[in-house]
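Student: I have a new structure to read. Could you take me through its features one by one?

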Amino acid sequence: MFVTVLLLLITLCAVGGHGEEPKRPGHGEEPKRPGHGEEPKRPGHVSVVIVGATGDLAKKYLWNGFFQLYVKQVSSGNTFSFYGGGQTPADEANPLLFEILKSVSCSKGVSEERCALLKEQFLRLAQYRQLKTLEHYQDLAKHIEKRLQEEGITEAGRLFYLSVPAFAYADIADKINNSCRPTSGAWLRVVLEKPFGHDFTSAQVLAEQLGTSLREEEMYRIDHYLGKQVIAKILPFRIQNKKFLDPIWNKHHIERVEIVMKETLDVRGRIPFYDQYGVIRDVIQNHLTEVMMLLTMRLPLNLTSSEEVVENKLRILSSLLPLGKNQAVIGQYQAYKSEVQQELKKTKDHVSLTPTFAAVLAHIDETQYEGVPVLLISGKMLDERESYARILFKNDIFCVQNHNSVHCKPKQIVFHLGHGSLQYPAILVSKNLFKPALMEGEWKEVTEHRDVSVLGLPLSDYYVQTPTEQREAYEELISHIFAGQKNSFISVENLLASWDLWTPLLSSLASSFPRIYPGGADNEDVLDFCLTGRDIRYKSKVVIISPDQMGAMAPNGFQVMQGKFRSADMVSAWAEELVEQLAADVQEAAEAAVRESGVFHLALSGGSSPIALFHRLVLHHFSFPWKDTHVWMVDERCVPQTELESNFYTMYNLLLQHVRIPYFNIHPMPVQLNHRLCVEEDRGAQLYEKDINNLVNGSSFHFLLLGAGYDGHTASLFPGTKVDEYGESLVVLTESPVKPHQRMSLTFSAINRARTVAMLVMGKGKHELITQLSRMKDNPEKWPVTGVKPANGRLVWYIDYDALLGQ
């Protein structure tokens, strides 16, 4: 019977155009504020149109969500029509839609007999219509109006749910605006599914395009995470437990905030979408960022005010410190490459840089949260499916004997979304914090605990609250859309502010190779990371990946590669890992020298080469033996040391003023004597050489850092230099082909006495230099860098992959 009724209904078709002039939002109109001025909630007829009605989302969630809405509203005085729309012709789509509609189900509180009746009524009210052209939308509008007139019913509103790719939004919104706007004061609501753009610019363009057809209060941008019952309770929980939380919801008590979404599935079948977006765009920029805002935003005075909630969210977004490459680690599961090649029909040498795992470290620049790490973590092909937000508090109690005492266990609040060991959604508060107020009505306290652990604590160590009835997120959000409640939806201001935060990070990671991980339990500790100040990095420095996983881009994968270059030792890696390795090698040399002789002599060149090293030493090497270190200069420009061009000025600003080094251990080159610069008669070079001879044993620096210029110069020894003219001098005045021309520099005689000489070469621009150097013989007059050959020490080339590969 259901089939007969449905097929009769879906063959109804009204032909003709919509004659009324479309109502576009006027440019001079004052837009309605979010949360205010919503259309009157009068009873009447509601037309629901799902565009993309036979797609995966509609099949899994939307039709059942609208059926639940119908079940709740059937006795409210409202009447309904449900239209499934799509580009497929009706004769092809009808059977698909019918199978979907047959699968809708009632909640537990509805009897079997009543459920059967409601399903039959719902089926009678649903029909499929092809919605491809403007004429199709005009026909739909004509059909709706004809039915309203024939049945003599008042129209309450029209709800369009766009379950289609985002590139189709603007066109469909234009068709709705031109043909399907309701009349007589009825409301129009258009629901949009993420993604809302790919970055800030595309999101802004999409917002502007939609704004020409729809008013902001007519758009409902869905983030289904906001419909999850636990997430929806974050703000009410914070408000109801304000007296407990106010004293501890700050930097003095919170150790860190974690927002985690782990999945065991791969992305097969979604590759065409996923490879464009990746894990950060797919779930972190939206789902996890929304949760982060709910946890950290200022509590609204009026929880029902969409305007105030949006304002407070925007405030916390604007307070987040900028996210750069050092604030994220990314990974990609091993099978992803072959899945991309298969689904996108790519050749076997195709390499995708799309991350399937990411951990991002955020910090909020507000006094309340100053220094508190906020971690946002998500990935595919991990060991378990689990999603939660955790606030971990500091515990200053030490139990001398009873380490199992509740007082010594972690203090934490967990907003658990389900799955994992617990399996059901819940809010958990460890018993050594406080007993939360019971959220009455739709929530209940769990008193019988299964033998499971949640984030390091047995369930019995928590106060646990869970929804009395679990409901799907889409069911919740659809009821909010029907009621015109916008709190659980994304405003355009919120959207653009979020993209403004995430776009710089995404840009900085665009050419970064994600760490390859095998997937599932085999990941072990491959993805483990650690926090150092405001930076995040993988715990293990080296992950060895087979060459075929990297394609032609980097034959040795992500490891710090050891090899040979011009018969000398070579270390190569991506820039960050390379500098990290160099800094570790400098510290190792320093510690060895101090153990041996009580002093470490470090000579540093100028230019841009050592800047990254300075940052690394200052931010990460707190145990460096600076009090036993003497810092010397390899070369200096003949300018006052207070000027930006001075190598010493750079060294002081970026390194020396930030470490505890005795001032008499710092040795700037004396380029300014007698109120003049680099005059030979002032004998500045000889004075510096005398200091070296007096303080440095055998005039042999323990560690000497050089760079290489595009023309092959090193230190301030330039092509055309007559090396033999310097004899055994350690320090000389030289001439540069570029301004400032006059320089002071160590000679090859001084450089080649060093125990270790590090040659740092970074950047794609140096690839041509590295290529030429790999082919030529020593010729110090033409290529001064080839004159670096330590007599009794070692030369180590530190070359990043950009310079080595030119990719």
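Student: Let me start with cysteine 408. Is cysteine 408 buried, partly exposed or exposed?

Tutor: Remember first that this is a predicted model. Cysteine 408 counts as partly exposed, because its relative accessibility is 24% and the buried class stops under 20%.

Student: Which cysteine is joined to cysteine 408 by a disulfide?

Tutor: The general idea comes first. A disulfide is a covalent bond between the sulfur atoms of two cysteines. Here cysteine 408 is joined to cysteine 399, with 1.8 Å from S to S. Cysteine 399 has 12% relative accessibility, so it counts as buried.

Student: What is the handedness of the link of cysteine 399 and cysteine 408?

Tutor: Look at the angle about the S-S bond. For cysteine 399 and cysteine 408 the value is 115°, and the link is right-handed.

Student: How many disulfides does a search of the whole structure find?

Tutor: The search finds 3. One of them pairs cysteine 106 with cysteine 115, the sulfur atoms 2.1 Å apart. Both of these cysteines are buried. Their link is right-handed, with 95° about the S-S bond.

Student: Where do cysteine 638 and cysteine 678 lie?

Tutor: A disulfide joins this pair, at 1.9 Å from S to S. Cysteine 638 sits in the loop between strand E25 and helix H18, and cysteine 678 in the loop between strand E28 and helix H19, so the bond ties together parts that are 40 residues apart in sequence. The angle about the S-S bond is -85°, and this link is left-handed. Cysteine 638 counts as buried at 7% relative accessibility. Cysteine 678 counts as buried too, at 8%.

Student: What is the pairing if I number the bonded cysteines in sequence order?

Tutor: The pattern reads 1-2, 3-4, 5-6.

Student: What is the phi of lysine 345?

Tutor: Lysine 345 has a positive phi of about 55°, although it is not a glycine. Its place is the loop between helix H13 and strand E9. Lysine 345 counts as exposed, because its relative accessibility is 74% and exposed means over 50%.

Student: Is serine 699 buried or exposed?

Tutor: Serine 699 is buried, with a relative accessible area of 5%. Its phi is also positive, near 55°. Find serine 699 in the loop between H19 and strand E29.

Student: Now a charged residue. Is arginine 221 buried or exposed?

Tutor: Arginine 221 is buried, since its relative accessible area is 3%. The residue belongs to strand E6.

Student: What does the side chain of arginine 221 meet there?

Tutor: Check the polar atoms. A polar contact of 2.9 Å joins the side chains of arginine 221 and glutamate 216. A polar atom of the arginine 221 side chain also lies 3.1 Å from the backbone oxygen of isoleucine 490. Residues that arginine 221 touches, beyond four places away in sequence, include Leu192, Phe196 and Phe489.

Student: Where does proline 610 lie?

Tutor: Proline 610 is in the loop between strand E23 and helix H17. With a relative accessible area of 1%, proline 610 is buried. Leaving aside neighbours within four places in sequence, its contacts are Ser605 and Leu705. Compare glutamine 121: it is 489 residues from proline 610 in sequence and 75 Å away in space, C-alpha to C-alpha.

Student: Let me finish with the whole chain. How many helices and strands does the protein chain have?

Tutor: It has 22 helices and 33 strands. The C-alpha trace spans about 105 × 70 × 50 Å along its principal axes. Of the 807 residues, 55% are buried. The chain exposes about 36,000 Å², and carbon and sulfur atoms supply 51% of that area.

Student: What share of contacts joins residues at least 24 apart?

Tutor: Count contacts between residues at least 6 apart in sequence. In this chain, 77% of them join residues at least 24 apart.

Definitions and conventions: Residues are numbered from 1 along each chain as its sequence is written. This is a predicted model: local features need pLDDT of at least 70, side-chain atom pairs count only at pLDDT 80 or more; totals for chains, interfaces and linings use all residues. Side-chain values use heavy atoms; hydrogens and water are left out. Helices (H or I, at least four residues) and strands (E, at least two) are DSSP runs, numbered from the N terminus. Buried means under 20% relative accessible area, exposed over 50%, partly exposed in between (1.4 Å probe, protein chains only). Contact means heavy atoms within 4.5 Å. Accessible areas come from the Shrake-Rupley method with a 1.4 Å probe; for residues, only the protein chains shown count as cover. A polar contact is a pair of N or O atoms within 3.5 Å; within protein, one must be able to donate a hydrogen and the other to accept it, and residues adjacent in sequence count only if both atoms are side-chain atoms. A disulfide is a pair of cysteine sulfur atoms within 2.5 Å.
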